[in-house]
Amino acid sequence: QNFPNPFNPSTTIKFTLSVDSKVNMKVYNVLGQEITTLINSSYVAGSHEVKFNASNLNSGVYFYKLIVNGIDGSSFSSVKKMILAK
């Protein structure tokens, strides 16, 4: 989950990988429209974090979707809600 939540104007999203993986993370609005791609690259196993700066967005509810495809064939996806309160 991101921290802080609610946030203004930026937040940090942390995640941990058990194996080296291809990671994709995108942010969507409540209508399901893609806002931005935060991550689209390979990461080594371990803990990671990414900062999301929403200073150019309106207040409201946003979602981020994390998709992980491990080199061992495993896959994982998760959607979390975050609130931008300006």
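Me: Is tyrosine 43 buried, partly exposed or exposed?
Reply: This model is predicted. Tyrosine 43 has a relative accessible area of 23%. Buried requires under 20% and exposed over 50%, so tyrosine 43 is partly exposed.

Me: How is the ring of tyrosine 43 arranged against that of phenylalanine 15?
Reply: The search of the whole structure gives 2 aromatic pairs. In the pair of phenylalanine 15 and tyrosine 43, the ring centres are 5.8 Å apart and the planes stand at 70 degrees. Planes over 60 degrees apart count in one class, so this pair is edge-to-face.

Me: Which strands does the pair link?
Reply: Phenylalanine 15 and tyrosine 43 are 28 residues apart, so the pair links distant parts of the chain. The strands are β2 for phenylalanine 15 and β4 (residues 34-43) for tyrosine 43.

Me: Is phenylalanine 15 buried or exposed?
Reply: The relative accessibility of phenylalanine 15 is 7%. The limit for this class is under 20%, so phenylalanine 15 is buried.

Me: Which residue has a side chain joined to that of asparagine 29 by a polar contact?
Reply: Asparagine 29 is in strand β3 and counts as buried at 14% relative accessibility. Leaving aside neighbours within four places in sequence, its contacts are Ile35, Val61, Tyr62 and Phe63. The side-chain polar contact, at 2.7 Å, is with glutamine 33.

Me: How much space lies in the largest pocket?
Reply: Its lining has 9 nonpolar, 9 polar and 2 charged residues. Strands β2, β3, β6 and β7 each supply at least two of the lining residues. The space in the largest pocket is about 230 Å³.

Technical notes:
Residues numbered from 1 in each chain as written. Predicted model: local features only at pLDDT ≥ 70, side-chain atom pairs only at ≥ 80, totals over all residues. Heavy atoms only, no water. 1 Å grid on protein atoms, 1.4 Å probe; cavity = no way out; pocket = protein on both sides within 12 Å on 5 of 7 lines; lining within 4 Å. Points joined across faces, edges and corners; volume = space filled by probe spheres on them. Helix = DSSP H or I, 4+ residues; strand = E, 2+ residues; numbered from the N terminus. Nonpolar A, V, L, I, M, F, W, Y, C, P; charged D, E, K, R; others polar. Phe/Tyr/Trp six-rings, centres within 6.5 Å; stacked < 30°, edge-to-face > 60°. Buried < 20%, exposed > 50% of the residue type's maximum accessible area, 1.4 Å probe, protein only. Polar contact = N/O pair within 3.5 Å; in protein donor to acceptor, adjacent residues only side chain to side chain. Contact = heavy atoms within 4.5 Å.
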